[in-house]
Amino acid sequence: MKYKHTVYACFIGYIVQAIINNFAPLLFLTFQSQYGVTLDRIALLTGLNFGVQLLVDLLSAKFADKIGYRPCIIGAHIFSAAGLLLMTILPDLLPDAYIGLCIAVVVYALGGGLLEVLVSPIMEACPGDEKAKAMSLLHSFYCWGHVGVVFLSSLFFALFGISNWKIMAVIWALVPIANGFFFAKVPIGSLLEEGEQGYSIRQLASKGIFWIFMLLMACAGSCEQAVSQWASAYAESGLGVPKTIGDLAGPLLFAVTMGSARLFYGKFGEKIDLEKFMLMSAVLCLCSYLIIGLSSLPILGFLGCALCGLSVGILWPGTFSLGTKGIPKGGTAMFALFALAGDVGCSSGPTYVGMMAEHFGGVLNLGILAGIIFPILLLVGLALERRTTGKIHGIG
């Protein structure tokens with residue numbers, strides 16, 4: 001019970017991560033009209049967000065343990081709040097509004113990167129059994145945060161108008177401010193026993209299974225964000241539905257199904273073969289990309305978004321759990337590098353889709369269809385993982 005509030009703080013930490021990654025995409029078309037930013041430059045905002053998170057992941061692998069979990073996680077919440085607040089100010093202050101948006105994205109991405117690296121190991125360090133179930137439940141809060149961001153933001157926009165989006169950004173900034181104070185008080189444990197050291201980056205890099213897990217993390221990020229980041233714009237421009245309906249039926253549907261998959265495994269995980277569950281999810285993900293890319297009917301497009309959310313739900317936390325079992329002494333460095341690989345996917349996936357859509361004349365359906373390469377690579381990675389772990393019975 002001592003760590004109960006630590007677990008709650010971790011849950012809220014992933015809600016903050018959801019705010020960081022999913023509030024701005026609701027405003028992509030608003031940025032286009034209000035500030036005159038083109039679609040391909042908007043796509044780069046997503047790439048910038050996850051690119052900065054990627055850099056933070058890399059640096060955290062070397063310095064997080066030295067600085068300490070508590071100052072780093074508090075700093076993560078400060079950066080997250082500051083970036084959201086700057087997004088409401090800088091575009092109007094600077095001569096180029098796009099530069100203002102980029103600066104705000106960089107600041108909150110610093111917070112997002114630290115959250116991604118630290119929340120999972122802080123949760124993993126809390127005493128308790130069935131870590132894979134706990135990890136899946138933790139990551140489901142990212143999805144419920146995503147649902148809350150989309151639903152509450154859309155409700156606000158419907159009631160008060162999209163022109164007042166800056167007020168909503170300030171409201172969302174209050175969440176990391178409050179949780180930063182929470183993390184200042186809760187107990188924080190350690191991943192390793194006293195006197196035990198985790199693997200260095202060089203030791204991790206020498207293990208073949210580590211690189212397979214890195215591939216899986218990259219594919220998990222790509223498969224998830226290539227649809228998630230463009231779901232709102234796809235519903236509006238690709239399916240021709242009003243913004244409020246598009247925001248609710250696109251990204252909200254995606255987030256609900258993704259969270260449901262994680263909640264399902266969090267409840268029944270001990271009865272399920274994780275590797276087989278991930279393999280079936282990868283096949284379903286492939287099908288969802290085909291439905292989204294080839295359908296012109298709104299109902300089928302929304303079904304594709306829902307199936308994609310359902311299919312990617314287990315990929316990120318599942319890979320974390322497989323990695324923890326396969327490399328039990330991976331430590332903070334392993335979590336940081338896994339997050340780095342995931343952010344490579346989160347950055348490249350939506351950016352690739354946006355650029356391909358621009359290449360095809362702004363048709364997002366075709367951009368997402370081009371992203372089918374990501375679930376294909378995921379299937380390859382899972383096949384390699386099963387083959388490799390079939391030969392090795394554990395890595396100390």
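This short talk presents the side-chain contacts, the cysteines and one surface patch of the structure shown above.

Good morning, colleagues. Please keep in mind throughout that this is a predicted model.

I begin with the charged contacts. The structure holds 4 salt bridges, and I shall discuss several of them. In one, D96 pairs with R41, and the closest N and O atoms are 4.0 Å apart. Where do the two partners lie? D96 is in the loop between α5 (90-93) and α6 (97-124), whereas R41 belongs to helix α3 (residues 39-67), so this pair ties together parts that are 55 residues apart in sequence. D96 counts as partly exposed because its relative accessibility is 34%. R41 is likewise partly exposed, at 31%. R41 has a further contact: its charged end sits over the ring of Y98, 4.0 Å from the ring centre.

D92 is in helix α5 and K166 in helix α8 (residues 165-183), so parts that are 74 residues apart in sequence are tied together here. With a relative accessible area of 47%, D92 is partly exposed, and K166 is partly exposed at 24%.

Next, R386 and E275 meet through their side chains in a salt bridge of 3.4 Å, N to O. Since R386 lies in helix α18 and E275 in helix α13 (residues 274-294), the pair ties together parts that are 111 residues apart in sequence. R386 counts as partly exposed, with 34% relative accessibility.

Y352, for its part, lies in helix α16 (residues 331-359) and counts as partly exposed at 30% relative accessibility.

I turn now to the aromatic residues. The structure holds 14 aromatic pairs. One of them is formed by F11 and F141, which are stacked, with 4.1 Å from centre to centre and 5° between the planes. This pair links distant parts of the chain: F11 is in helix α1 (residues 4-22) and F141 in helix α7 (residues 131-160), 130 residues apart.

F210 and W211 have another geometry. Their ring centres are 5.2 Å apart and their planes stand at 75°, so the pair is edge-to-face. F210 is buried, with a relative accessible area of 2%, whereas W211 is partly exposed at 48%. Both belong to one aromatic cluster, together with F213, W316, F320, F335 and F338.

Finally, the cysteines. A disulfide is a covalent bond between the sulfur atoms of two cysteines. How many disulfides does the structure hold? The count is 0. C346, for example, is in no disulfide, and the nearest cysteine sulfur, that of C223, is 10 Å away. C346 is buried, with a relative accessible area of 2%. C10 is buried as well, with a relative accessible area of 0%.

Thank you for your attention.

Notes. Residues are numbered from 1 along each chain as its sequence is written. This is a predicted model: local features need pLDDT of at least 70, side-chain atom pairs count only at pLDDT 80 or more; totals for chains, interfaces and linings use all residues. Side-chain values use heavy atoms; hydrogens and water are left out. Helices (H or I, at least four residues) and strands (E, at least two) are DSSP runs, numbered from the N terminus. Buried means under 20% relative accessible area, exposed over 50%, partly exposed in between (1.4 Å probe, protein chains only). A disulfide is a pair of cysteine sulfur atoms within 2.5 Å. Rings of Phe, Tyr and Trp (its six-membered ring) pair if their centres lie within 6.5 Å; planes under 30 degrees apart count as stacked, over 60 as edge-to-face and the rest as tilted. A charge sits over a ring if NZ of Lys or CZ of Arg is within 6 Å of the ring centre and within 35 degrees of the ring normal.
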